[in-house]
Amino acid sequence: MPNWELRNCCHRDQVLFLVTIGVFTLVILALWRTFIITPFKLITVFLHEASHAIACKLTCGEVEGIQVHANEGGVTQTRGGAYWLILPAGYLGSSFWGMAMILASTNLLTARIAAGCLGLALLVVLFIAKNWTLRGLCVGFIIFLAVVWVLQETTTVRILRYVILFIGVMNSLFSVYDIYDDLISRRVNSSDAEKFAELCPCPCNGIGWGVIWGMISFIFLCASIYLGLVILS
């Protein structure tokens, strides 16, 4: 039975899980404005745009192309589908994928599945990418994941779970930051929340929707840590 109450927390694996998340968070914040973690930021942008595309396809729309730019921006060109579901899917979807990767990192098998799914997604998007930044990102991360996988399976360098956890933490943090930066501090008029507010002006404007989405993203992050501890208990 799952230990939902986390009785007798925390043993070695749970402590390692919490400490690793804490260390990754500090490293990401310390290197936030450096080029070192830019590829991981772009992966988060990729997952944001991919979430738009998935919502479009699930609501019977057509995805005409996806772009990820070097300045950490991105665009998904869609036609049809439920626009009121496609718009919030970017921010909330990337938060969800961050949570999924954090949980996947708790077990080697699920980490392998997460790495395989991410690699497959990058391969699929490679053929519909509309700019060279995204194409380069797809090729680069496919190679990166392949190298990590080979090291995991053939050497004593067993880092696959930590790579998946790092991407998950990066995605969760960047999602919350991106919502704050685009929708609250700078209030980008072309942001998803401003467009969503035009479709659904009640109960709030773009900033209000940004706050709501930010809270949901933060809940995803907290839930991933709690569920990770439950899985490891």
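Where is the place of glutamate 72? Glutamate 72 is found in the loop between strand 1 and strand 2, where helices (H or I, at least four residues) and strands (E, at least two) are DSSP runs, numbered from the N terminus. The structure is a predicted model, in which local features need pLDDT of at least 70 and side-chain atom pairs count only at pLDDT 80 or more, while totals for chains, interfaces and linings use all residues. Residues are numbered from 1 along each chain as its sequence is written, and side-chain values use heavy atoms, with hydrogens and water left out.

**The hairpin and backbone angles**

Strand 1 (residues 62–68) and strand 2 (residues 74–79) pair in the antiparallel sense over 6 bridges; two strands pair if DSSP finds at least two bridges between them. Within this pairing, isoleucine 66 stands opposite threonine 76 in strand 2. The hairpin has 5 residues between the strands, and in it glutamate 72 takes a positive phi near 75 degrees, although glutamate 72 is not a glycine. Most residues other than glycine have a negative phi, and most peptide bonds are trans. Glutamate 72 counts as partly exposed, at 27% relative accessibility; here buried means under 20% relative accessible area, exposed over 50%, and partly exposed in between (1.4 Å probe, protein chains only).

Cysteine 60, in the loop between helix 2 and strand 1, also has a positive phi, near 65 degrees, in a residue other than glycine. Cysteine 60 is exposed, with a relative accessible area of 73%.

**The cysteines**

The structure holds 1 disulfide, a term that stands for a pair of cysteine sulfur atoms within 2.5 Å. This disulfide joins cysteine 9 to cysteine 10, with an S to S distance of 1.9 Å. The torsion about the S-S bond is about 65 degrees, so the disulfide is right-handed. A cis peptide bond, with omega of about 20 degrees, also joins cysteine 9 and cysteine 10, and cysteine 10 has its place in the segment before helix 1 (12–30). Cysteine 9 is partly exposed, with a relative accessible area of 34%, and cysteine 10 counts as partly exposed at 34% relative accessibility.

For cysteine 56, which is buried with a relative accessible area of 0%, the closest cysteine sulfur is in cysteine 60, 9.4 Å away and too far for a bond. Cysteine 222 counts as partly exposed at 38% relative accessibility, and the closest cysteine sulfur to its own, in cysteine 9, is 15 Å away, too far for a bond.

**Aromatic rings**

A search of the whole structure finds 9 aromatic pairs. Rings of Phe, Tyr and Trp (its six-membered ring) pair if their centres lie within 6.5 Å, and planes under 30 degrees apart count as stacked, over 60 as edge-to-face and the rest as tilted.

| Pair | Centre to centre | Between the planes | Type |
|---|---|---|---|
| Phenylalanine 40 and phenylalanine 141 | 5.5 Å | 90 degrees | edge-to-face |
| Phenylalanine 40 and phenylalanine 166 | 4.9 Å | 75 degrees | edge-to-face |

Phenylalanine 40 lies in helix 2 and phenylalanine 166 in helix 6 (residues 160–185), so their pair ties together parts that are 126 residues apart in sequence. Phenylalanine 141 lies in helix 5 (residues 132–154), so its pair with phenylalanine 40 in helix 2 (residues 38–58) ties together parts that are 101 residues apart in sequence. Both phenylalanine 40 and phenylalanine 141 are buried, and phenylalanine 166 counts as buried at 13% relative accessibility. Ring pairs link Phe24, Phe40, Phe141, Phe144 and Phe166 into a cluster.
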